[in-house]
Amino acid sequence: MVDRRRSRSRSVARWIALLAGVVLFMVALAATAVAAPPADGGFIQGARILVPDHLRLQLAGPAPALDPANFRLTDSRAPDVPIDIREVVAEPGNKVLLTVGERLDPSAAYRIEIREPAGARDVRPAPWALLLTVVLSSALINNFVFTRYLGLCIFFGVSKKRDTAVGMGITFSLVMILSAMLSWALFSLVMVPLQIRFLQVLVFIGVVAFLVQALDTILKKTHRSLHQKWGVYLMLITTNCIILAVPLLNAAADSGPAESFALALGSGIGFALALFLMSCAREKLELARVPVAFQGLPIAFTLAGLFALAFMGFSGLSFLR
Amino acid sequence: MSQPILLRERPPGARQLLMNGIFGENPVFRLALSLCPAVAVTTTVANGIMLGVAVLLVQVLSSVTVALTRRAIHPRVRIPVYTIIIAVWVSAIDMVLAGFFPSLYAQVGLYVKLIVAFAIIISRLEVFASRMPLIPTFWDGLGMGLGFLFALIVIGVFRELLGSGAILGYAVVPEKPLLFFALPAGGFFSIGLLMAFFNVLERRRNGGKASAGGGGGHGHG
């Protein structure tokens, strides 16, 4: 008995370690893709945004004229509107610190130009800021359940008990990350070059079905106990809208691997959070006296409405800016 | 709903199938299927109609396709085959809508693509189209599609009227009575209220007996 339990816990640990390894590998892949060095910027060798309103430049030579008119900073979404530069200060080591008249967003892209000596450079968003923004926005601000109404099917079906909700949330997040990365690879490496973007619905649902089926078969053979515990959730995932929405959103936005990963992670966290909150509330609801007409789904919907109302508060969440 | 239609021997008539889809087994209010889009796109009536028409077309077309090919589909692989049939029709409808109604499509495009994951469509294929001949299948698909469209329009009118005081974009009430209903949270409340309302109606009709439909059922889709 003890022996079996130990071997089971060991197999669980091994499985989790394997998944963590895959996730780590994807993070590393994503990070290298984001941090890939951009094209050379001439005189400007590096540019970094310092929150809230500073920009530090690394120059190739001694600092040029420290006149704000010598520099031009624009938002890459509005390249004709220069951002007001208030002050330019030289720092040791060929560095220049610009102070601008508005708040800079570390997750947005800017372009900095110098007139004399000529040079220009794109200020890329810092990888951590970009990923954090995507994760936060998909988990809280645009929570898939409460503001985009995806996955309601499973959301209302599984959120009756807390244990099932937690199991489902974890399984879901893992499958979501795997399927998003697989779909990203298929989409950007195969479908875009072949110009068959219009087949995305067909291909993505195939990817999800394949992945779920493969995981199910592998788990059944290698980790029977895990399969007994979480296999049910796996089958439910196949025809779910969230799991299909993430690759579709990624494809629509032409995201890179890092953003795809962040979106999948954020939506997984958001869904797990929604499931957990809802299951806690519904366990209490069992004890409440609900009007007959509202019993079952109607009261669950009303409850979800209250949660959605609370989640609207997150729309003001932007501490990066 | 005295007896589920499928248990009868002969395929029922067109009128009966249509009424069954719209009222007796309304996909949204009675079967509690495919709720995600019902909440998501119904901020305005126009969006609801757009998605409802898309679902109607996909449902009818894939039902008919399955009814025509059901003898060729091996029962073991039927679910993947159904999924592929639905996905093909969804892609086609998606491209048509994107081409002809670009501005509306920009708002509901994601949900049109997600029709492929709607439980209502595949469940109709599994329950009805795979066992019945072509003509009843067509009427059943049409009835279910119309039922879905009807539900989306009801919710859409409810939310647009209360949320922005207009119907189909034309102002009916001078000011916005309850902006809350146009917001995401309002969608959940509207569905909850409408479902409770339909439950009350059903209870009245059954003479006070508890209803088994949207109230007690568990959601899928």
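Q: In this predicted model, what describes the packing of helix α1 (residues 14-24) of chain B and helix α7 (residues 134-164) of chain B?
A: These two helices pack at about 30°, and their axes sit 7 Å apart.

Q: Why do α1(B) and α7(B) count as roughly parallel?
A: The angle is about 30°, and anything under 35 degrees counts as roughly parallel. So α1(B) and α7(B) are roughly parallel to each other.

Q: Which hand does the crossing of α1(B) and α7(B) have, left or right?
A: Right-handed: that's how α1(B) passes α7(B).

Q: Which residues in α1(B) and α7(B) meet?
A: On the α1(B) side you'll find Ala14(B), Leu17(B), Leu18(B), Asn20(B), Gly21(B) and Ile22(B). Their partners in α7(B) include Trp139(B), Leu142(B), Met144(B) and Phe150(B). Sorted by class, this contact has 10 nonpolar, 4 polar and 1 charged residues.

Q: Why are α4(B) and α5(B) called roughly antiparallel?
A: Helix α4 (residues 78-100) of chain B packs against helix α5 (residues 102-113) of chain B at about 165°, with the axes 9 Å apart. Angles over 145 degrees count as roughly antiparallel, therefore α4(B) and α5(B) get that label.

Q: What residues make the contact of α4(B) with α5(B)?
A: Val90(B), Asp94(B), Leu97(B) and Ala98(B) come from α4(B), while α5(B) brings Pro102(B), Tyr105(B), Gly109(B), Val112(B) and Lys113(B). The class tally is 6 nonpolar, 1 polar and 2 charged residues.

Q: What is the hand of the α4(B) and α5(B) crossing?
A: This one is left-handed.

Definitions and conventions. Residues are numbered from 1 along each chain as its sequence is written. Chains are lettered from A and ligands numbered from 1 in the order in which they are written. This is a predicted model: local features need pLDDT of at least 70, side-chain atom pairs count only at pLDDT 80 or more; totals for chains, interfaces and linings use all residues. Axes are lines fitted to C-alpha atoms, for helices over the stretch in contact, and angles run from 0 to 180 degrees between N-to-C directions. Helices (H or I, at least four residues) and strands (E, at least two) are DSSP runs, numbered from the N terminus. Angles under 35 degrees count as roughly parallel, over 145 as roughly antiparallel, 65 to 115 as roughly perpendicular and the rest as oblique. A crossing is left-handed if the near helix is turned anticlockwise from the far one by less than a right angle, and right-handed if clockwise. Two residues are in contact if their C-beta atoms, placed from the backbone, lie within 7 Å. Ala, Val, Leu, Ile, Met, Phe, Trp, Tyr, Cys and Pro count as nonpolar, Asp, Glu, Lys and Arg as charged, and the others, Gly among them, as polar.
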